[in-house]
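Reader: I have a protein model open and I am new to this. Please show me how to read its features one at a time.

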Amino acid sequence: MEALLENLTTTEAAIAAGVTVAKINRVIDRKILPKKLYSVSESRTVRKDACVWIAFYFETAEWLTAAARLKAIRDGLVHNHSWLELRDCRVEESRAVQVSLSHIWEDVDRRLNQLKEAQGMVIEDPEILRGMPVFKGTRIPVHDVVSLVDSGTPMGEILEIYPRLKKPQVELASIYARANPRRGRPKRRSFPKGIKVSISRKRLRDASLGR
């Protein structure tokens with residue numbers, strides 16, 4: 001885990017920290033993050049340990065003042081904790097208010113592993129659909145599957161349309177798509193040949209009404 005995704009893009013960092021990309025950019029623009037935790041040289045990148053502090057900063061806003069959160073981040077960095085040691089850090093504003101980073105670290109660690117798994121199941125090969133991201137071992141475009149998920153298509157129907165996929169792959173596809181937004185104008189989705197999809201009258205009615 002120590003070498004997992006040491007430097008992340010802003011979209012990857014947003015997934016790991018459990019916040020929006022706008023919040024990632026905010027902590028950089030407003031100098032909330034110390035400079036050692038990010039880079040803006042060519043494109044913005046964020047260190048993976050920064051994601052713990054970003055999550056901490058936003059998750060503890062109800063209990064700690066902004067000054068206390070900023071001090072905690074800077075104090076924590078003085079000790080140069082390794083990734084695993086960071087899990088055992090504690091932040092204290094007063095005797096009455098103490099925050100352990102363990103649960104925040106565990107959430108970030110879990111999301112980082114999901115992100116790594118999502119990225120590991122996708123390839124971009126110029127020989128396959130002109131380099132479009134597809135599931136390994138298939139010619140199934142990842143973003144086409146995510147479009148179905150986003151439109152509310154039931155999991156059972158998605159697996160019927162793409163029988164080579166498993167439920168975990170479909171779930172991870174959404175994580176991959178968030179970290180790697182579709183480039184260019186989205187193409188119109190088409191179903192694989194030979195697949196029949198049944199759509200209930202209710203869904204057709206809702207679609208016609210724009211629901």
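Reader: Which residues of α9 are buried?

Author: Start with the terms. Buried means under 20% relative accessible area, exposed means over 50%, and partly exposed lies in between (1.4 Å probe, protein chains only). Helices (H or I, at least four residues) and strands (E, at least two) are DSSP runs, numbered from the N terminus. In this predicted model, the buried residues of α9 are Val170, Leu172, Ala173, Ile175, Tyr176, Ala177 and Ala179.

Reader: What covers the buried residues of α9?

Author: Look for contacts, meaning heavy atoms within 4.5 Å. The cover includes the helices α1, α6 (102–120), α7 (142–150) and α8, along with β6 and β7.

Reader: What about α3?

Author: Helix α3 (residues 48–59) has twelve residues and should span 16 Å. Its end C-alpha atoms are 17 Å apart, so the two values agree. Eleven of the twelve residues are buried, so α3 is largely enclosed by the rest of the structure. Among them are Trp53, Ile54, Phe56 and Tyr57. Lys48 and Asp49 are also on the buried list.

Reader: At what angle do α1 and α2 pack?

Author: Axes are lines fitted to C-alpha atoms, for helices over the stretch in contact, and angles run from 0 to 180 degrees between N-to-C directions. Angles under 35 degrees count as roughly parallel, over 145 as roughly antiparallel, 65 to 115 as roughly perpendicular, and the rest as oblique. Helix α1 (residues 10–17) and helix α2 (residues 21–29) pack at about 105°, with their axes 8 Å apart. That makes α1 roughly perpendicular to α2. Thr10, Thr11, Ala13 and Ala14 in α1 meet Val21, Ile24 and Asn25 in α2.

Reader: Which residues other than glycine have a positive phi?

Author: Most residues other than glycine have a negative phi. Lys31 is one with a positive value, near 60°. Lys31 sits in the loop between α2 and β2 (38–39), and is partly exposed at 48% relative accessible area. Leu129 also has a positive phi, of about 50°. Leu129 lies in the loop between β6 (122–123) and β7 (134–135), and is partly exposed at 30%.

Reader: Is Lys166 buried or exposed?

Author: Lys166 counts as exposed, at 56% relative accessibility. Find Lys166 in the loop between α8 (155–161) and α9 (167–179). Lys166 and Met155 are eleven residues apart in sequence and 9.8 Å apart in space, C-alpha to C-alpha.

Reader: Where does pLDDT stay under 50?

Author: pLDDT is the predictor's confidence in each residue, from 0 to 100. The chain's mean is 83, and 81% of its residues reach 70 or more. pLDDT stays under 50 over residues 185–191, where the model has nine contacts beyond four places in sequence. It also stays under 50 over residues 199–210, with five such contacts. Where pLDDT is low, the predicted coordinates should not be read in detail.

Reader: What ground rules apply?

Author: Residues are numbered from 1 along each chain as its sequence is written, and side-chain values use heavy atoms, leaving out hydrogens and water. Local features need pLDDT of at least 70, and side-chain atom pairs count only at pLDDT 80 or more, while totals for chains, interfaces and linings use all residues.

Definitions and conventions
The expected span of a helix is 1.5 Å times one less than its number of residues.
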